[in-house]
Amino acid sequence: RLAQAWRSLVAEDARPLLPRITVPTLVVAGTESSFYAAEVAAEICRRMPRAQAALLSGCGHAPHLERPESFNALVADFVARAARPTMTCAHKGRSS
């Protein structure tokens, strides 16, 4: 069953959907992953308008398990920055 699930997962190509993800996104990757090269994170970020990559050196495919403190710090910083309000002002047709 696990092998069937894995085949199904790797057969799916979601790359065409990435540009439609417009929310702030953090892509965390380990530089020593045996599944994906670090360049994959960069490619995901190129395709997603509001994504940023964070590479954890010396980590494999599971940085959240291999270096949880570093991973959690990255996520906490990303969430704090994403949660900051942005000031937008649209005063079309108004004169001051």
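View 1. Helices here are DSSP runs of H or I with at least four residues, strands are E runs of at least two, and both are numbered from the N terminus. Along the sequence, these elements follow the pattern α-β-α-β-α-α. This is a predicted model, in which local features need pLDDT of at least 70 and side-chain atom pairs count only at pLDDT 80 or more, while totals for chains, interfaces and linings use all residues. Residues are numbered from 1 along each chain as its sequence is written, and side-chain values use heavy atoms, with hydrogens and water left out. Of the 96 residues, 19% count as buried; buried means under 20% relative accessible area, exposed means over 50%, and partly exposed lies in between (1.4 Å probe, protein chains only). Among contacts with a separation of 6 or more, 70% join residues 24 or more positions apart, a contact being heavy atoms within 4.5 Å.

View 2. Helix α2 spans residues 38–47 and holds C45. C45 counts as buried because its relative accessibility is 15%. Leaving aside residues up to four places away in sequence, C45 touches V27, A51, Q52 and A53. T25 and C45 are 20 residues apart in sequence, yet their C-alpha atoms are 8.7 Å apart in space.

**View 3. The largest nonpolar core has seven residues**. Its members are L18, V27, A29, A41, C45, M48 and A51. Strand β1 (25–30) and helix α2 are the elements that give two or more residues to this core. A nonpolar core is a set of buried Ala, Val, Leu, Ile, Met, Phe, Trp, Tyr and Cys residues joined through side-chain atoms within 4.5 Å. Have a look at V27 too: with residues up to four places away in sequence not counted, V27 touches A41, I44, C45, A51, Q52, A53 and A54.

View 4. W6, L9, V10, F35, Y36 and V40 make a nonpolar surface patch of about 610 Å². Patches take residues with over 30% relative accessible area and no salt bridge, joining like charges within 9 Å and nonpolar side chains (Val, Leu, Ile, Met, Phe, Trp, Tyr) within 5 Å. Helix α1 (residues 2–11) gives the most to the patch, with three residues. W6 lies in helix α1 and counts as partly exposed at 43% relative accessibility.

**View 5. Salt bridges, of which the whole structure has four**. A salt bridge is a side-chain nitrogen of Lys or Arg within 4 Å of a carboxyl oxygen of Asp or Glu. E43, R46 and R47 are linked in a network of salt bridges. In helix α4 (residues 68–83), D77 and R81 are likewise four residues apart, about one turn, and their side chains meet at 2.9 Å, N to O. R15 and D13 form a salt bridge at 2.8 Å, N to O; R15 is partly exposed at 46% relative accessibility, as is D13 at 42%.

**View 6. Confidence along the chain.** The average pLDDT is 87, and 89% of the residues score at least 70. Residues 92–96 fall below 50 and have zero contacts in the model beyond near neighbours in sequence. The pLDDT is the predictor's confidence in each residue, from 0 to 100. Where pLDDT is low, the predicted coordinates should not be read in detail.

Definitions and conventions
Areas by Shrake-Rupley, 256 points an atom, 1.4 Å probe, with all protein chains shown as cover.
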